[in-house]
Amino acid sequence: MGGDTAWDRLTARLIEMPGPTAGLEAGLARGVYGEAGAVSGRYMCRACHGDLILRPITPGSRQQPHFRHHSNSESGARDCRAPAGDRQRIEREDQAVVVLRDLLVRAWPGVGASLEIPRSTRDSEAAGTRPALVIRGMDGQLVVIERPQELPHTEAINARVRAVRSHYGTAAVHVWFLAKDPEQFVPGAPLEVKPHGRAKTVHATVLPTTRQRAITAAGSSVYWLDGDQVLVPYGVHDFTHAPRPGENWEFADWRAAKQWHRDWRISHPLPDSDATRWGLVTVTLNQLTATKTTFDLRPAHDTMQRLAHVERARWNRRRADARELHAQRHTPPDAPGPSLADEPAAFPTAPPPGPPALEEPAPQEPFAQGTRDAAPDQPPQPPPPAPASPPRPTAPPLPRSAPGHRTPEPPQGIWRTVRRFLARNRTPRSPSR
Ligand SMILES: [Zn+2]
């Protein structure tokens, strides 16, 4: 090993070479640092847990100060005893954290950043684990950032979350920055959204893995880093509107292509554990520091709040459409049509939790305007965990867009206007569209 990094038992930090040497101790520091009766050197190799010596360099030398394994045995070998594979893995782990540290320090000038290993119980245990990037903000805020090459299993995730809380306190923000690559990012269907007061847009979604869910279940956060953009997740809970008496969901227009009966609700700021998928709000690293705190997620959380703001209006709007269609077709409210039960049950139909749904009519809040289009396109979905026995909708089957095709834009024109005019004169309708 080139002696690039060493674990400093005294400060619980990772030291990089070359780097600032002030505060370090040259030579073999054996005996200086001891814990639990064991006396060892201050600096330790993360791979083999052997003592390292900081080699002082004579003034004028062109060499850099560096670490060297302590030759403590009969062989006098000064090489690392760890298998090459372990050494390479640890180097990759450390390097990934260092690269993220450099990126954040450029984006957030002035913050203090160090590579630390949250100590849990024993030093040697801690030394074998990946260092975290610890950011200390000027306002006293402390952020512990993980940058794993590969997510550990659930138990290790929980142990790490506990170690961070016990070492840094519960006020510390603990986040896991994952890579937007096939290993750590399984894309879901795009979600068309219209946050209150904002333009319609499309959010990417991700299908969280068990380990990613474990992080949020433990109260930490998962973000994806994509260049200088940070993808912040919220929960998307897909469900199907169960037809009620007086509703007809058998749309023959663009709403069929949009699968009007398929809707969703949000959970935020952290996704609930039973979310079907996670929607992603994009913020830039610079936005995270816009208000001079180290880690400000207000831009992302504001967007989530705006999404929550429009969701009940969207549900009510769609139900109003179904009532309107029913009235148009004069179907008796109890006439059963062909059952949707023949379709694959892709979405739970349980009524979404929250305040009781408003029955009539759609809310008149200004942001209700235009929310009719704030619906997800629904290319084929990976099957979410279905409830044990979801109530089956009883509306006729809907025409569906071919899998993988873009859903068409709503048709515009005179016929739509005429249909709406007729519909409005048959049923009491909200004039808000
Ligand atoms: Zn070693």
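**A chat about the predicted model**

Biologist: OK, back to α4. Which of its residues are buried?
Modeller: In α4 (residues 210–217), those are Q212, A214, I215 and T216. Buried means that 20 or more other C-beta atoms lie within 10 Å of the residue's own; 12 or fewer is exposed, in between is partly exposed, and the C-beta atoms are placed from the backbone.

Biologist: And what do they pack against?
Modeller: The buried residues of α4 pack against α3 (154–168), β11 (173–179) and β14 (221–226).

Biologist: How many helices and strands does the chain have?
Modeller: There are 8 helices and 17 strands. Of the 433 residues, 35% count as buried.

Biologist: What is the mean pLDDT of the chain?
Modeller: The mean is 75, and 66% of the residues reach 70 or more. pLDDT is the predictor's confidence in each residue, from 0 to 100. Confidence is lowest in helix α8 (residues 414–426), at a mean of 47, and highest in strand β13 (residues 201–206), at 97. Over residues 424–433 the pLDDT is below 50, and that stretch has 18 contacts in the model beyond near neighbours in sequence. Two residues are in contact if their C-beta atoms, placed from the backbone, lie within 7 Å.

Biologist: Where else does pLDDT stay under 50?
Modeller: Residues 337–346 stay under 50 too, and the model gives them 20 contacts beyond four places in sequence.

Biologist: Switching to α1. How far apart are its end C-alpha atoms?
Modeller: They're 35 Å apart. The expected span is 1.5 Å times one less than the number of residues, so the 24 residues of α1 (residues 84–107) should span 34 Å, which agrees.

Biologist: Which residues of α1 are buried?
Modeller: I90, D94, V97, R101 and L104. Helix geometry is worth a thought here: an α-helix has 3.6 residues a turn, so residues three or four places apart point the same way. The buried residues of α1 pack against several elements, including β1 (5–8), β8 (112–116) and α6 (285–288).

Biologist: Which residues in the largest nonpolar core touch the most other members?
Modeller: A6, I145, Y223 and V232, out of 63 residues in that core. A nonpolar core is a set of buried Ala, Val, Leu, Ile, Met, Phe, Trp, Tyr and Cys residues joined through C-beta atoms within 7 Å. Strand β15 (residues 229–240) gives the most to this core, with 6 residues.

Biologist: Why does this core lie between domain 1 and domain 2?
Modeller: Because domain 1 (1–82) and domain 2 (180–426) both give residues to it. The domain bounds come from an automatic or database domain assignment.

Biologist: And what is V232 in contact with?
Modeller: Leaving aside neighbours within four places in sequence, V232 is in contact with Y223, L280, V281, V283, L297 and A300. A second, separate core has 5 residues, among them W249, F251, W260 and A322.

Biologist: New topic, the backbone. Which peptide bond is cis?
Modeller: The one from H268 to P269, with omega near 0°. P269 sits in the loop between β16 (262–267) and β17 (277–284).

Biologist: What about Q259, where does it lie?
Modeller: Q259 is in the loop between α5 (254–257) and β16. Its phi is near 55°, a positive value in a residue other than glycine. Q259 counts as buried, with 23 C-beta neighbours inside 10 Å.

Biologist: And H49, buried or partly exposed?
Modeller: Partly exposed, with 15 other C-beta atoms within 10 Å. H49 takes a positive phi near 65° in the hairpin of β5 and β6, which has 6 residues between the strands.

Biologist: How do β5 and β6 run?
Modeller: Antiparallel, joined by 2 bridges. Strands pair if DSSP finds at least two bridges between them. Y43 stands opposite L52 in β6. β6 and β7 also pair in the antiparallel sense, over 4 bridges.

Methods: Residues numbered from 1 in each chain as written. Predicted model: local features only at pLDDT ≥ 70, side-chain atom pairs only at ≥ 80, totals over all residues.
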